[in-house]
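This report describes a single protein chain, from its overall make-up down to selected residues.

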Amino acid sequence: MKRYQTYTAKDFAMDESFQDWVLNADQEAKSFWEQWLVEYPEKREDVAKAKELVLLLAQEKNISRPQDEIEVWSKINQALQSSEKQLSNKSFPIPWYYVAATVSLLLIGMLGYWTIRQHGQQMTYTTAYGETLNVVLPDSSLVTLNANSSLSFEEDWGQSDKAREIGLKGEGFFDVSHQNGRKFIVRTEGASIEVLGTEFNVSERRGTTEVVLNSGKVAFYLKDEKVMMNPGEQVIYSSELKKYEKKIVNPEAHTSWRNNLLTFDDTPLSEIAQLLQDNYGYEVSIENKEIGDKLFNGTVGTTQIDLLLSAIAEAHRINITKENGTVYFRSR
């Protein structure tokens with residue numbers, strides 16, 4: 001019988017019985033591993049680490065049986081061993097628990113870097129890379145501000161009958177309270193979003209404004225056009241091209257960051273690279289368009305960047321390294 005009590009996380013991840021338990025709800029494997037953890041509770045941390053990598057890679061590869069993708073599992077050992085070298089100088093810390101990610105970002109929300117500055121009649125809230133902040137507005141609306149973002153409004157904003165106007169740079173999720181027909185307007189570069197009471201996500205990066213509507217109705221005002229949105233719709237507007245695109249999306253995939261998760265649903269690696277730049281401040285270089293166009297599916301904690309990059313590297317057979325402060329995506 002195998003001496004599982006001597007196994008590390010990478011050993012568990014490569015074990016076929018362990019994979020059956022994690023991926024296939026095999027009853028025999030389930031009974032064995034649950035009983036085994038009762039006998040060896042000190043191994044729970046290693047087991048949790050192994051489960052995360054197995055699940056993430058399986059989600060990307062749509063694996064039905066581990067043996068069908070033997071190459072993936074044979075690379076797990078290499079990925080775990082090389083991740084510290086490839087993503088060098090411990091630039092990507094390895095917090096394996098989503099609970100740890102949640103606690104971390106809650107602390108950031110309470111104690112992390114943020115500023116409230118008064119500029120005459122203006123109030124401004126700002127977050128740094130890797131940080132989020134909950135802002136309760138004077139009308140009791142709630143804004144969750146994503147990393148590397150800022151929110152501004154007039155100091156007497158909640159004490160007049162004027163429209164409630166907010167300026168946004170970066171990304172924020174809005175839960176707007178209804179106030180007797182008083183408009184709520186979010187302004188970004190080249191566009192504005194008008195609501196009465198609803199939930200929606202706004203991202204403004206590099207001259208592109210993206211709005212995803214969770215509930216209610218939104219009017220997206222461009223320079224010469226008004227675009228009405230319904231729940232589950234996304235509008236992407238380029239201020240450079242003066243064009244917009246509307247499509248149906250899964251709102252949760254675009255707003256999971258509020259719950260300290262990054263969710264990718266057929267997301268091109270080029271977009272993941274932009275997220276690393278916008279939200280975490282990393283410089284990213286992709287070797288060619290072929291790599292940038294590769295798609296990735298999976299969910300990780302917002303602080304689990306090392307796990308994300310390791311999974312992408314193995315799923316697409318590419319090298320991801322960090323050199324002189326830049327993360328490189330290269331062919332193997």
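## Basis of the model

This is a predicted model, in which local features need pLDDT of at least 70 and side-chain atom pairs count only at pLDDT 80 or more, while totals for chains, interfaces and linings use all residues. Residues are numbered from 1 along each chain as its sequence is written, and side-chain values use heavy atoms, with hydrogens and water left out.

## Overall make-up

The chain holds 10 helices and 19 strands. Both are DSSP runs numbered from the N terminus: helices are H or I with at least four residues, and strands are E with at least two. Of the 332 residues, 48% are buried. Buried means under 20% relative accessible area, exposed means over 50%, and partly exposed lies in between, with a 1.4 Å probe and protein chains only.

A contact here means heavy atoms within 4.5 Å. Among contacts between residues at least 6 apart in sequence, 52% join residues at least 24 apart.

## Nonpolar cores

In soluble globular proteins, nonpolar side chains tend to be buried together. A nonpolar core is a set of buried Ala, Val, Leu, Ile, Met, Phe, Trp, Tyr and Cys residues joined through side-chain atoms within 4.5 Å. The largest such core has 30 residues, and those touching the most other members are Leu 137, Leu 151, Phe 174, Phe 184, Ile 193, Phe 200 and Phe 220. A second, separate core of 23 residues includes Phe 264, Ile 305, Leu 308 and Val 327.

Beyond its neighbours within four places in sequence, Leu 151 is in contact with Met 123, Thr 124, Tyr 125, Val 135, Leu 137, Val 143, Leu 145, Ile 166, Gly 167, Leu 168 and Phe 174. Gly 167 belongs to strand E6 (residues 164-175) and is partly exposed at 22% relative accessibility.

## Helices H2 and H3

Two packed helices are described by the angle between their axes and the distance between the axes. Axes are lines fitted to C-alpha atoms, for helices over the stretch in contact, and angles run from 0 to 180 degrees between N-to-C directions. The axes of H2 and helix H3 (residues 27-39) come within 9 Å and cross at roughly 105°. H2 is therefore roughly perpendicular to H3; angles of 65 to 115 degrees count as such, those under 35 as roughly parallel, those over 145 as roughly antiparallel and the rest as oblique.

Ser 17, Phe 18, Asp 20 and Trp 21 of H2 meet Ala 29, Lys 30, Trp 33 and Leu 37 of H3. By class, this contact has five nonpolar, one polar and two charged residues. Ala, Val, Leu, Ile, Met, Phe, Trp, Tyr, Cys and Pro count as nonpolar, Asp, Glu, Lys and Arg as charged, and the others, Gly among them, as polar. Asp 20, in H2 (residues 16-24), is buried at 10% relative accessibility. Asp 20 and Lys 30 are 10 residues apart in sequence, with 8.3 Å between their C-alpha atoms.

## Helices H8 and H10

Helix H8 (residues 269-280) and helix H10 (residues 305-315) have axes that come within 13 Å and cross at roughly 165°, so the two are roughly antiparallel. Leu 269, Ile 272, Leu 276 and Tyr 280 of H8 make the contact with Ile 305, Leu 308, Leu 309 and Ile 312 of H10. The contact has eight nonpolar residues, with no polar and no charged ones.

Leu 269, in H8, is buried at 0% relative accessibility. Its C-alpha is separated by 9.1 Å from that of Phe 329, 60 residues along the chain.

## Positive phi in loops

Most residues other than glycine have a negative phi, and most peptide bonds are trans. Lys 242 has a positive phi near 60°; it is found in the loop between strands E13 (233-238) and E14 (243-248) and is exposed at 57% relative accessibility. Asn 260 also has a positive phi, about 65°. Asn 260 sits in the loop between helix H7 (251-255) and strand E15 (261-268) and is buried, with a relative accessible area of 10%.
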